[in-house]
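Let's read this structure together, one feature at a time. Bring your questions, and we'll take each from the general idea to the case at hand.

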Amino acid sequence: MRMEPGEQFSGMAPDRGLISATLRPRQEPGTATQEGAPGPGAVRARRFLLCLYLVGFLDLFGVSMVVPLLSVHVKSLGASPTVAGIVGSSYGILQFFSSTLVGCWSDVVGRRSSLLVCILCSALGYLMLAASTNVFLFTLARVPAGIFKHTLSISRALLADLVTEEERPVVLGQFNTASSMGFILGPVVGGYLAELDGGFYLTAFICSSVFVLNAGLVWLFPWSEVKLSSPEDDLPRGRNQALWGKTDSATQRAASAQGTPESKGPASLPWAEVRATLRGLRSLVLSALWVVFVVRLLMAVAVMLYYSNFVLALEERFGVGPRAAGYLTSCSSALGVLAGFALGPLLRLYGHQSYRLLLHSSVLTSTLLLLFASARGLDVAVACSVLLSFSTAIGRTCITDLQLTMGGVRAGGSLLGMGQSVTAVGRVLAPILSGVAQEVSPCGPPGLGAALGFVAVVIMSRNRPHSGGQEGDELKSE
């Protein structure tokens with residue numbers, strides 16, 4: 001991706017998404033409707049969004065049934081704590097390498113195909129987990145999920161394809177809310193099933209079945225109701241191709257531009273386009289998006305440091321048992337769900353400036369971490385814990401929206417995948433930093449998290465990036 005001298009990543013007026021096109025359909029002659037009444041297009045659009053919200057709910061519902069039981073199960077198979085730690089880290093390592101590639105692949109082949117493949121491969125992984133009777137099979141079962149468990153990222157990219165830039169943060173917040181509800185209910189069901197005879201294997205099998213159900217829902221989605229019907233819909237052609245897959249001629253042109261002969265066959269063409277997109281994405285990240293990804297890494301590590309010793313800190317500092325800590329975690333998660341409903345009014349209050357809202361939510365998160373680390377009373381610690389769920393939920397949605405705003409929705413899968421890779425780095429760093437900080441004090445991990453959060457705030461204050469949606473869209477045409 002070449003830039004002319006002096007060219008900046010300036011913003012562009014947000015183009016209308018597919019959902020917006022149906023929410024505001026053009027009125028045909030002789031078909032006058034009551035002003036303000038939702039038309040059939042709005043109803044179909046809302047139904048499609050609700051289907052995506054259900055996919056997010058079922059995804060985290062199934063995963064959260066199994067994840068809390070993994071460490072207990074691998075130890076029951078005879079693994080030492082060191083081996084259990086290595087096996088647990090393998091998932092994050094696979095996610096780090098696969099997130100960007102799978103996201104970029106979804107930009108090339110289309111969201112529907114990539115989403116189906118990721119859901120079915122994840123179902124296979126959890127089915128293998130249900131049959132894991134030794135450490136080797138357990139480790140092998142984590143490979144398909146580690147590579148293909150990017151269903152939520154692809155779903156968010158699909159949502160970004162469907163809505164306008166102004167609507168996107170609210171829709172993403174609602175999707176996160178639906179997903180979080182699954183994460184609240186899943187551990188309860190998984191904990192109940194785990195107490196049965198062979199409970200882990202039953203739970204893993206049910207989780208696999210939930211993913212198969214999810215694949216069936218995606219297959220039965222009303223895709224045709226949001227697909228462009230004609231070029232007169234005043235929508236960019238590239239946006240539709242990114243969603244439904246490129247035509248053969250467009251793919252051949254993209255491959256030819258990279259020097260790939262057409263005689264190599266259609267199977268090699270998508271990967272040529274994946275390589276071209278990744279090269280353009282690297283230039284975009286180095287030029288404009290580095291601030292967003294650095295902030296994402298710092299804030300992710302900060303929050304992970306807080307959660308890494310949350311139960312232990314409450315027990316050592318305030319004498320609170322694990323059961324009470326669990327109730328507190330559930331209440332905090334419930335408030336995080338409410339953040340999705342508050343995002344719309346907040347964005348209107350901020351004039352739809354996601355960057356400014358992210359800056360203020362990061363300041364609030366860092367301040368709450370500092371207060372939690374220095375709290376001498378349980379009431380202050382509880383208040384900080386509850387408010388942290390709200391501020392982190394707002395920040396998570398805003399930073400996702402910023403990635404898409406600056407990079408362009410046509411490369412949305414690649415950008416969200418790279419964001420997941422950054423978070424995977426945080427998952428590797430956080431346990432190490434937490435262990436070192438705990439050697440100093442039980443207040444060390446949240447205190448270090450507060451320091452990292454304030455570093456992120458300083459970086460955001462000194463490096464306000466410009467939107468680069470147009471440049472990001474050019475990633476797909478390089």
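Q: How far apart are the closest N and O atoms in the salt bridge of Asp59 with Lys149?
A: The general idea is to look for a side-chain nitrogen of Lys or Arg within 4 Å of a carboxyl oxygen of Asp or Glu. Here we are working with a predicted model, and in it the closest N and O atoms of Asp59 and Lys149 are 2.8 Å apart. The pair ties together distant parts of the chain: Asp59 sits in helix H2, while Lys149 is in the loop between H5 and H6, 90 residues apart.

Q: Are Asp59 and Lys149 buried or exposed?
A: A residue is called buried when its relative accessible area is under 20%. Both Asp59 and Lys149 are buried.

Q: How many salt bridges does a search of the whole structure find?
A: The search gives 4 salt bridges. One of them joins Arg111 to Asp107, with the closest N and O atoms 2.7 Å apart. Both of these residues, Arg111 and Asp107, are buried. Arg111 also meets Asp161 in a salt bridge, at 2.7 Å from N to O.

Q: Let's step back to the whole fold. What does the secondary structure of the protein chain come to?
A: The chain has 18 helices and 0 strands. Of its 478 residues, 51% are buried. To see how the chain folds back on itself, take the contacts between residues at least 6 apart in sequence: 83% of them join residues at least 24 apart. The accessible surface comes to about 21,600 Å², and 64% of that belongs to carbon and sulfur atoms.

Q: How should I read the nonpolar cores, and which residues have the most contacts inside the largest one?
A: As background, in soluble globular proteins, nonpolar side chains tend to be buried together. In this model the largest nonpolar core has 52 residues, and those with the most contacts inside it are Val66, Tyr126, Leu129 and Val218. The elements giving two or more residues to this core are H2, H3, H4, H5, H6, H7 and H8. H2 provides the largest share, 13 residues. There is also a second, separate core of 46 residues, which includes Leu314, Ala325, Ala381 and Ala393.

Q: Which residues is Val66 in contact with, leaving aside its neighbours within four places in sequence?
A: Skipping the sequence neighbours brings out the contacts made through the fold. For Val66 these are Tyr126, Leu129, Phe200, Thr203, Ala204 and Cys207.

Q: Where is Val292, and is it buried or exposed?
A: Val292 is in helix H11, which covers residues 269-308. Val292 counts as buried because its relative accessible area is 3%. Beyond its neighbours within four places in sequence, Val292 is in contact with Ile399, Gln403 and Met406. The C-alpha atoms of Val292 and Ile459 are separated by 9.5 Å, although the two residues are 167 apart along the chain.

Q: And is Ser361 buried or exposed?
A: Ser361 is buried, since its relative accessible area is 7%. This residue lies in helix H14, residues 354-374. Leaving aside neighbours within four places in sequence, Ser361 is in contact with Ser391, Ile394 and Gly395.

Q: Now for the outside. Which residues form a nonpolar patch on the surface?
A: Ile93, Phe96, Phe97, Val428, Ile432 and Val436 form such a patch, with about 590 Å² of accessible area together. Helix H3 (81-109) and helix H16 (412-440) are the elements that give two or more residues to the patch. Phe97, in helix H3, is classed as exposed because its relative accessible area is 58%.

Notes: Residues are numbered from 1 along each chain as its sequence is written. This is a predicted model: local features need pLDDT of at least 70, side-chain atom pairs count only at pLDDT 80 or more; totals for chains, interfaces and linings use all residues. Side-chain values use heavy atoms; hydrogens and water are left out. Helices (H or I, at least four residues) and strands (E, at least two) are DSSP runs, numbered from the N terminus. Buried means under 20% relative accessible area, exposed over 50%, partly exposed in between (1.4 Å probe, protein chains only). Contact means heavy atoms within 4.5 Å. Patches are made of residues with over 30% relative accessible area and no salt bridge: like charges are joined within 9 Å, nonpolar side chains (Val, Leu, Ile, Met, Phe, Trp, Tyr) within 5 Å. Accessible areas come from the Shrake-Rupley method with a 1.4 Å probe; for residues, only the protein chains shown count as cover. A nonpolar core is a set of buried Ala, Val, Leu, Ile, Met, Phe, Trp, Tyr and Cys residues joined through side-chain atoms within 4.5 Å.
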